[in-house]
Structure formats: C-alpha cells, structure tokens
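Please keep the sequence and the structure in view while reading.

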Amino acid sequence: MDQSTDVTPDAFGALPRRPGKIIAVHLSYASRADQRGRRPANPSYFFKPTSSLANSGATVERPAGTELLAFEGEIALVIGDAARRVAVSEAWAHVAWVTASNDLGVYDLRAADKGSNVRSKGGDGFTPLGPELIDARTVDPTTLRIRTWVNGEIAQDDTTADLIFPLARIVADLSQHFTLEPGDVILTGTPAGSSVIRPGDVVEVEVDAPSADGSPTSGRLVTTVTEGTHPFDAEIGDLPAVDDAQRIDAWGSREAAGLPGGQPALDPDLRDKLERAPTAGLSAQLRRRGLNAVVIDGVRALRSGARIVGMAKTLRFVPLREDLFASHGGGYNAQKRVFDTVEPGEVIVIEARGETESGTLGDILALRALARGAAGVVTDGGVRDAEIVAACGLPVFAAGAHPAVLGRRHVPWESDVAVACGGATVLPGDVIVGDGDGVIVIPAAIAREVVDDALAQEDEDAWIAARVEEGHPVDGLFPLGTEWRARYEAERGTT
C-alpha cells in the first residue's frame with residue numbers, strides 16, 4: 001500500500017511543491033494594531049500545518065457548531081534560498097516569490113489552545129494561496145498592496161508602507177531562530193478590516209505592486225465558504241466556545257457584531273431618585289446591608305457643586321513599564337477606546353492605583369466623553385488640564401491634578417473589567433453616585449431598594465431637623481424613639 005502523504009499539486013495553491021513549514025505573524029500592520037489597541041514592540045509568530053493549504057477557487061468549511069469563521073487577507077512570502085542568521089539588509093534576497101493568502105481562522109476555537117492557534121487556524125483549507133506568484137526580485141517590498149473583497153465589496157485595502165515590521169525584518173528575525181528552507185511560506189499579517197464570513201460568502205484576496213514595471217499581481221485568490229457537517233466530539237476534545245468578547249474581536253467592533261452598546265442605561269425614574277439622594281444617605285443604606293467597602297476614597301469633584309450619577313464603564317492602568325508602554329500606550333489604546341465608546345449615561349471609572357503624579361485624562365478626552373453623553377469620570381489618579389476639564393461641563397472626580405501625560409506613570413491596559421478605584425472594587429454596570437461628600441459604588445441589583453430607603457430616610461431626617469430647630473433635644477428624637485416615631489408616622493399618614 002502506498003503510504004505517501006503527498007497530495008495533488010493543486011492543494012499547494014500556486015506553490016511548485018509542498019513547503020516544509022508555514023509561519024504566520026500575529027500582528028504586523030499599524031491599522032490592525034490600532035484597531036486592537038496594542039502595538040507590539042517585536043513580531044511574534046505561530047505555525048500553520050501544510051495540510052491547511054488550498055488553491056484559488058477552493059471551498060472552505062465553517063466547522064459545524066461554530067459561529068465565527070474570519071478571513072484575513074495577507075501577503076505571503078515564499079523562500080527561495082535557505083536563510084539562517086541573515087541580516088535585514090540581506091533578507092529580501094532570500095525571498096523567491098510573493099503571492100496572496102487568506103489566513104482563515106475560527107474564533108470559537110481560540111481558547112482551546114491558549115494562543116497557539118493550532119485548532120483555530122489549522123483546519124483543512126484554512127490557508128488558500130495564489131493564484132499566481134510574483135517574482136520578488138521585480139518588486140520593492142515596501143510598496144506592495146494587499147486588498148480583500150467579500151461578496152464583491154472591498155473589506156481591506158492597505159500597503160506594506162503601513163507595516164510595523166518591514167517584510168525584510170520578519171525574514172531576518174525568523175532566520176535567527178531556525179533555518180528558513182526553500183519553499184517555506186511566511187504569512188506576514190493582516191491589516192484592519194478582517195471580519196466574520198458565513199456559508200455562501202465569497203472572499204477574494206489580491207496582492208500587487210502598482211508602482212513596479214508591469215504592475216505585477218497575484219491575481220485574485222478566490223475562496224467560497226460552505227457549512228461543515230461533521231460536529232466536534234465532546235468525548236475526544238474541546239468543543240467550540242464563544243462569548244461577546246470573541247464576537248467583538250472577530251467582527252472588528254461591537255456594532256459590527258450586532259451587540260448592544262455597553263451596559264443598559266439607568267431607568268429614568270431610578271436616575272431621578274439617585275439624583276436626589278445624597279451619598280451620605282446611600283452609604284448608610286449600603287452599610288445596613290453589610291456593604292462598607294463601597295466608597296471611592298480620595299477623590300473630589302474638580303468643579304464645586306458637581307454631581308455624578310451613572311453606570312460604570314471601567315478602565316484599568318498598570319504601572320509604567322517601558323516595553324509595555326511601547327506595545328499598549330500608543331495608537332488606538334485602551335484609554336482612547338473607552339473615551340470613544342462610552343455610552344450616554346455611563347461613568348468612566350479609572351483605576352490608577354492612587355498614583356497622582358501623572359494625568360489619566362485631559363481636556364481632549366473629557367470633551368470626547370462629553371460629546372458622547374457620558375455622565376462623568378471618576379479617577380483615583382491625576383487630571384491634566386484640570387482647569388479646562390473642570391470648566392467643560394463634564395463632572396469629573398479625581399485625586400488631584402498633574403501636568404504630565406499618562407506615560408510618566410501608567411500604561412493603559414484594559415477596559416470593561418473589574419477595577420480597584422480609590423480602594424473600592426467597581427464592576428462594569430455598577431451604579432456610581434458622587435457629590436460633595438465623595439463617590440460611592442452601588443451594586444446594580446440593589447440600587448432601587450437602596451435609593452428608595454435612602455430617600456425615605458432623608459424625609460425622616462428633614463422632619464427631625466425641623467423638630468430640633470423648634471428647640472427639642474435630640475435624645476429620643478435622633479434617631480426616632482418610640483414616641484417620636486409614632487408622632488412622625490401620624491403626621492405623615494403612615495400609621
């Protein structure tokens with residue numbers, strides 16, 4: 001029996017023979033990095049099996065039971081001469097051909113392999129390649145163009161001028177670690193615009209060099225999506241799993257994924273009651289329910305008389321580390337995403353570890369939050385442009401003011417997670433109320449009963465204050481004793 005693992009040449013796309021290995025870059029285009037909110041300091045990689053190769057015109061199955069098959073149009077490099085420890089200046093000479101590729105992947109399977117992408121990107125047909133090879137000697141690697149169409153509509157359009165890591169650097173870097181052999185394929189990353197495709201969709205990818213003589217092109221690499229019919233077996237391995245975070249990553253945005261924006265807004269009646277209830281009264285009611293660690297300590301309103309009521313949208317900073325700031329501090333980072341996506345009525349709550357020797361927001365971001373309809377900002381860090389921020393009309397409670405930008409002490413790390421602000425744990429969707437006494441956190445599930453009891457207590461306290469003004473001693477009156485309570489309830493008609 002023939003035990004050869006060779007398959008028909010068509011399975012190798014445009015390649016003359018089966019490559020020894022396929023290496024893919026995780027993140028390389030600035031547009032994609034900005035979309036993801038992180039810019040790596042150096043390239044990172046994963047392997048794809050050669051059995052994932054397919055030719056132009058082939059179909060690819062979205063595995064049965066999965067939801068999030070995504071396309072990634074990419075430039076593929078094919079090694080011509082073996083490369084081992086080559087310099088960047090010499091690396092391009094080791095590339096024989098350039099062509100189009102589609103680094104398909106299933107987000108439902110990403111969690112199973114903790115970032116290795118073995119199952120999520122290793123499926124049969126998940127690396128279509130071709131249809132034509134461009135001679136690498138005839139093109140400038142810094143002026144290549146990559147475009148992707150889905151059902152005839154342009155989805156990606158970028159050039160290698162937008163790369164964080166030039167193509168030659170990627171080749172040189174890989175050659176530091178192992179020999180790149182003739183025929184090996186490098187998938188060089190995808191620009192912004194990658195999204196989800198469904199059965200019936202047709203994806204086309206083209207790489208060309210418009211400025212080169214003859215405008216060489218790979219032609220359009222065509223892949224049609226079909227529905228898989230073989231479900232995964234739970235008795236053998238992990239099953240697909242998906243959540244809203246994966247949907248947002250796969251589709252490219254919350255809106256594209258069809259998800260509602262952020263946390264639901266406060267009910268108008270509840271908001272009205274919270275606007276009238278002082279934090280002192282709300283704090284007392286929370287304490288009666290055994291919740292004492294609900295005060296955000298050390299923050300005060302930048303503008304006298306400011307009041308804040310809304311649902312928490314959280315942002316977390318970690319201490320400055322230069323390499324992490326290089327990858328997470330620039331571009332469309334977590335801080336910018338939060339201020340760009342805050343919903344009307346939400347309060348941005350920032351964990352800055354009580355570090356006030358750097359700003360956590362300034363006038364531009366405050367104006368953006370105001371334009372978005374945010375209810376305010378609470379930060380246990382500093383505020384830059386404090387006077388302008390105070391005057392702009394957005395309620396901001398902060399631990400202090402400081403002229404420096406966040407890169408002096410902080411790295412914007414993540415959003416919409418539990419944070420520790422001023423010693424209090426704040427979850428996305430918690431109710432935030434602030435006034436001249438400070439800021440408190442109310443679990444959303446008990447907000448209505450807490451505010452109702454707080455307003456009832458306010459009414460009672462106002463009645464007591466009136467009796468004190470009449471000259472009555474506080475003994476037995478504050479808090480209400482039996483006789484005084486009977487009188488209070490009689491006057492209020494609550495007996």
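Within strand β14, V196 is the bridge partner of A70. The model is a predicted one, in which local features need pLDDT of at least 70 and side-chain atom pairs count only at pLDDT 80 or more, while totals for chains, interfaces and linings use all residues. Residues are numbered from 1 along each chain as its sequence is written, and side-chain values use heavy atoms, with hydrogens and water left out.

Strands (E, at least two residues) and helices (H or I, at least four) are DSSP runs, numbered from the N terminus. Two strands count as paired if DSSP finds at least two bridges between them. β5 and β14 run antiparallel and are joined by two bridges. They belong to an open sheet of three strands in the order β8-β5-β14, with antiparallel pairing. β8 (105–106) and β14 are the edge strands, each of which pairs on one side only.

Helix α5 (residues 244–251) has Q246, A250 and W251 as its buried residues. Buried means under 20% relative accessible area, exposed over 50%, and partly exposed in between, with a 1.4 Å probe and protein chains only. Because these residues cover an arc of only 120° around the axis, they lie on the same side of α5; the arc is that of the directions from the helix axis to the C-beta atoms. The cover over the buried residues of α5 includes β5 (69–70) and β14 (196–197). After α5 comes G252, whose phi is positive, near 105°.

Strands of a sheet pair through backbone hydrogen bonds, either parallel or antiparallel. β1 takes part in both of the pairings below.

## The nonpolar cores

A nonpolar core is a set of buried Ala, Val, Leu, Ile, Met, Phe, Trp, Tyr and Cys residues joined through side-chain atoms within 4.5 Å. The largest one has 44 residues, and L77, V98 and I186 have the most contacts inside it. Among the elements that each supply at least two residues of this core are β1 (22–25), β6 (73–79), β7 (95–102) and α4 (167–175). α4 gives the largest share, six residues. Apart from this core lies another, of 21 residues, including F317, A352, L361 and L406.

Contact means heavy atoms within 4.5 Å. Not counting residues up to four places away in sequence, L77 touches several residues, among them W92, V98, L167 and I186.

## A buried loop residue and the cysteines

S358 is located in the loop between β20 (346–351) and α10 (363–372). The relative accessible area of S358 is 0%, so this residue is buried. Its contacts, not counting residues up to four places away in sequence, include G382, H402, L406 and H410.

How many disulfides does a search of the whole structure find? There are zero, a disulfide being a pair of cysteine sulfur atoms within 2.5 Å. The sulfur of C392 is 18 Å from the closest cysteine sulfur, that of C421, which is too far for a bond. C421 counts as buried, because its relative accessibility is 0%.
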